[in-house]
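Visitor: I have not looked at this structure before, and I would like to learn how to read it one feature at a time. Could you take me through it slowly?

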Amino acid sequence: MKDPLHLGFVVLLLGAGMAYSAQTAKLTRAGVWTGGAVGLFLFLGCGWLGVGLITLFFVLGSGATSWKRAEKRQLGLVDQDHGPRTAGQVLANAGVAGLLGTLAWLIPAVAPLAPLLVAGSFAAATADTLSSELGNVYGRRYYHVLTGRPDRRGENGVVSLEGTLLGLAGSALVAAVYCLASGWGPAFGWLLVAGTAGNLADSVLGATLERRGYVGNNAVNAVNTLVGALTAGGLAALS
């Protein structure tokens with residue numbers, strides 16, 4: 001059971017974040033409440049680390065999305081992201097983490113591994129967001145992830161070297177926060193691999209199923225975070 005004082009402080013902190021998200025139209029009303037609920041379950045299952053990871057993702061993701069937005073709009077790259085983020089988009093990026101936090105809270109046996117899996121999911125979500133949002137600005141050449149042939153910037157399944165490296169940097173920030181809380185060791189490398197694996201899975205699904213209209217972007221993002229979590233857990237199990 002969490003300390004009531006700490007729990008109360010977290011509720012106040014999450015409330016402030018929710019108010020900010022609503023005031024600045026970062027999230028829809030449903031998105032605000034969904035994000036707050038995910039943050040609370042992450043605290044209940046993973047403590048302050050869970051709150052720190054979702055906060056880091058929100059700050060980095062919001063910053064990358066807003067960065068040079070006028071330039072992206074001129075290039076026709078912001079149609080999908082127009083307007084506040086919805087509850088569905090919140091769950092697509094943080095739902096796996098929220099579920100893991102809930103399981104860690106309800107099932108003590110899950111608690112020791114859950115923070116690493118949560119970090120893996122956020123490493124993948126951060127890598128995807130930064131590689132696409134910043135890669136579309138700073139990329140020089142764009143390629144189809146499966147064929148390697150030049151392709152149109154902003155199209156599903158299209159990657160750039162610069163975007164991939166920026167995504168890796170995002171995963172490194174998530175890994176650093178995790179290791180600061182849990183201790184430095186091989187987990188840093190695991191999370192880099194997890195973030196890259198999730199980002200790659202996102203690109204492959206984007207180039208195939210999403211481009212053909214079989215699945216939507218939310219489903220692809222959810223798979224991305226799931227791959228990140230499973231990769232981090234798998235690498236830990238193999239060590």
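Predicted model: local features only at pLDDT ≥ 70, side-chain atom pairs only at ≥ 80, totals over all residues.

Visitor: Where does Asn 199 sit, and which residues does Asn 199 touch?

Guide: Helices are DSSP runs of H or I with at least four residues, strands are runs of E with at least two, and both are numbered from the N terminus. Asn 199 lies in helix H8. Contact means heavy atoms within 4.5 Å, and, not counting residues up to four places away in sequence, Asn 199 touches Ala 127, Asp 128, Ser 131 and Asn 224.

Visitor: Which residues is Thr 225 in contact with, beyond its neighbours in sequence?

Guide: Thr 225, which is placed in helix H9, has a relative accessible area of 1% and is therefore buried. Leaving aside neighbours within four places in sequence, Thr 225 is in contact with Ala 92, Asn 93, Val 96, Ser 121, Ala 124 and Ala 125.

Visitor: How many residues does the largest nonpolar core have?

Guide: In soluble globular proteins, nonpolar side chains tend to be buried together. A nonpolar core is a set of buried Ala, Val, Leu, Ile, Met, Phe, Trp, Tyr and Cys residues joined through side-chain atoms within 4.5 Å. Here the largest one has 36 residues, and those with the most contacts inside it are Leu 116, Val 118, Phe 122 and Tyr 178. The elements giving two or more residues to this core are helix H2 (29-66), H4, helix H5 (114-133), helix H7 (161-182), helix H8 (187-210) and helix H9 (217-238), and the largest share, 10 residues, comes from H2. To follow one member, Phe 122 is in contact with Leu 42, Leu 53, Ile 54, Phe 57, Asn 93, Ala 94, Ala 97 and Val 174, again leaving aside neighbours within four places in sequence.

Visitor: How many aromatic pairs does the structure hold?

Guide: Rings of Phe, Tyr and Trp (its six-membered ring) pair if their centres lie within 6.5 Å; planes under 30 degrees apart count as stacked, over 60 as edge-to-face, and the rest as tilted. The structure holds 5 such pairs. One of them joins Phe 41 and Trp 105 in a tilted arrangement, 6.0 Å centre to centre with 45° between the planes. This pair links distant parts of the chain, with Phe 41 in helix H2 and Trp 105 in helix H4, 64 residues apart. Phe 41, at a relative accessible area of 30%, is partly exposed, and Trp 105 is also partly exposed, at 42%. Trp 184 and Phe 188 form another tilted pair, at 5.8 Å centre to centre and 35° between the planes. Trp 184 counts as exposed at 56% relative accessibility, whereas Phe 188 is partly exposed at 24%. Ring pairs also link Phe 9, Phe 43 and Trp 48 into a cluster.

Visitor: How many salt bridges are there?

Guide: Side chains of opposite charge can pair when their charged atoms come close. A salt bridge is a side-chain nitrogen of Lys or Arg within 4 Å of a carboxyl oxygen of Asp or Glu, and by this rule the count comes to 2. Asp 151 and Arg 211 meet in a salt bridge at 3.2 Å, N to O. This pair links distant parts of the chain, 60 residues apart: Asp 151 is in the loop between strand S1 (143-144) and strand S2 (158-159), and Arg 211 is in the loop between H8 and H9. The side chains of Arg 152 and Glu 155 also meet in a salt bridge, at 2.8 Å, N to O; Arg 152 is exposed at 55%, while Glu 155 is partly exposed at 23%.

Key:
Residues numbered from 1 in each chain as written. Heavy atoms only, no water. Buried < 20%, exposed > 50% of the residue type's maximum accessible area, 1.4 Å probe, protein only.
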